[in-house]
Amino acid sequence: VHYREKDENGNHVGGPMYYIKNGLKSHWAWLGTVFAIFGMIAGFGIGNTVQANSVADVLESSFQIPTWITGVTLAILVGLVLIGGIRWIAEVAGKIVPFMGIAYVTGGLVILVIHAAEIPPALNLIFTYAFTPMAATGGFAGAAVWAAIRFGVARGVFSNEAGLGSAPIAQATARTNSPIQQGVIAMLETFIDTIIVCSITGLVIIISGAWISGETGASLSSMAFEQALPNFGGYLVTFGSVVFAFTTLLGWSFYGEKCVQYLFGIKSIIPFRLLWVIVVPVGAMLDLKVVWLVADTLNALMALPNLIALILLSPIVFKLTRDYFASKEPSLK
């Protein structure tokens with residue numbers, strides 16, 4: 001928000017490439033270009049293929065729908081929004097998301113209340129396998145300390161995008177002139193995504209016993225909820241996964257096109273959207289392990305230039321924060 005610009009259409013644009021260009025000295029400009037390149041490519045991992053693959057995986061396991069059908073259907077819907085300009089599809093999906101989020105968290109909490117006595121053993125299991133270098137079973141085969149840390153960090157980034165540099169691209173479009181106020185709001189995302197949603201999901205997976213099933217991805221969560229809440233839990237996760245993944249496909253297309261716009265100008269957006277739609281069915285049909293491995297690698301490449309920039313800009317962050325809260329002190333008293 002502090003370093004954002006307006007493009008030729010009068011829209012606010014921002015993100016790491018802009019706060020690197022406008023906040024750091026000119027000899028750091030290359031870092032913004034590096035971020036934009038990696039951000040453009042990384043979107044096809046975390047925001048495209050992983051999302052399409054997760055939906056295809058959970059629909060195949062729940063309703064035996066072939067992955068290619070899911071991939072083509074998603075591509076058509078995404079194409080109608082991004083290229084066809086049929087915005088009502090995105091608006092409807094966006095309005096459903098809060099309700100699905102509340103329903104998912106409520107369903108998870110109901111399961112935890114019903115199985116409250118099993119929560120302490122589940123927490124004990126989590127910490128045992130996180131800090132004890134011994135092999136686990138089922139979907140966690142071969143897990144050790146290094147694996148727990150490696151996958152914990154990787155999935156944490158997938159969950160909340162903290163440090164990745166993608167969320168600031170969206171935050172820069174906010175209707176506010178206060179970077180600190182917007183930053184405080186943005187911090188809530190990390191807490192809800194990881195501390196609440198992921199913790200509930202992890203506990204449900206362990207309590208239900210699904211963690212030793214050998215299932216992975218969205219199918220694992222669906223199985224866990226279905227075992228804990230028969231005839232309801234599985235459908236809750238399946239429908240939620242479809243809605244969340246679809247809106248993420250649209251959201252990450254925005255991140256990617258802003259990186260492309262920074263590199264090649266506003267005329268490059270339509271070709272990028274076409275490529276984005278084409279990749280969706282490909283991601284749906286790829287092997288899950290390959291998709292996650294590529295996405296994790298691309299995320300790391302994207303995060304590095306952003307984290308370097310955050311360290312270099314930290315004095316500005318501290319100053320703006322101190323000034324903002326100092327100006328609020330009288331009203332707080």
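Guide: UniProt positions are given in the numbering used here, feature names are shortened, and annotations may be inferred rather than shown by experiment. This is a predicted model, where local features need pLDDT of at least 70, side-chain atom pairs count only at pLDDT 80 or more, and totals for chains, interfaces and linings use all residues. Residues are numbered from 1 along each chain as its sequence is written, and side-chain values use heavy atoms, leaving out hydrogens and water.

Visitor: Okay, where does UniProt place the "transmembrane region" feature?

Guide: The unreviewed UniProt entry puts it at residues 28–47, 67–89, 96–114, 126–149, 191–212, 232–254, 274–294 and 300–318.

Visitor: How much helix is there in 191–212?

Guide: That span is 82% helix and 0% strand, with its end C-alpha atoms 28 Å apart. Residues 274–294 are 90% helix and 0% strand, and there the end C-alpha atoms lie 21 Å apart. Helices (H or I, at least four residues) and strands (E, at least two) are DSSP runs, numbered from the N terminus.

Visitor: At what angle do α2 and α3 pack?

Guide: About 135°, with the axes of α2 (residues 29–63) and α3 (residues 67–82) 9 Å apart. Axes are lines fitted to C-alpha atoms, for helices over the stretch in contact, and angles run from 0 to 180 degrees between N-to-C directions. So α2 is oblique to α3; angles under 35 degrees count as roughly parallel, over 145 as roughly antiparallel, 65 to 115 as roughly perpendicular and the rest as oblique.

Visitor: Which residues make the contact?

Guide: From α2 you get A52, V55, A56, L59 and E60, and from α3 T67, T70 and L74. Contact means heavy atoms within 4.5 Å.

Visitor: New topic: is W276 buried or exposed?

Guide: Buried, with a relative accessible area of 0%. Buried means under 20% relative accessible area, exposed over 50%, partly exposed in between (1.4 Å probe, protein chains only). W276 is in helix α11 (residues 269–285).

Visitor: What does W276 touch?

Guide: Leaving aside neighbours within four places in sequence, its contacts include G43, F44, L249 and W252. The C-alpha atoms of W276 and W252 are 9.8 Å apart, though the two are 24 residues apart along the chain.

Visitor: And what about Q64, what's its phi?

Guide: Positive, about 60°, although Q64 is not a glycine. Q64 is in the loop between α2 and α3, and is exposed at 58% relative accessible area.
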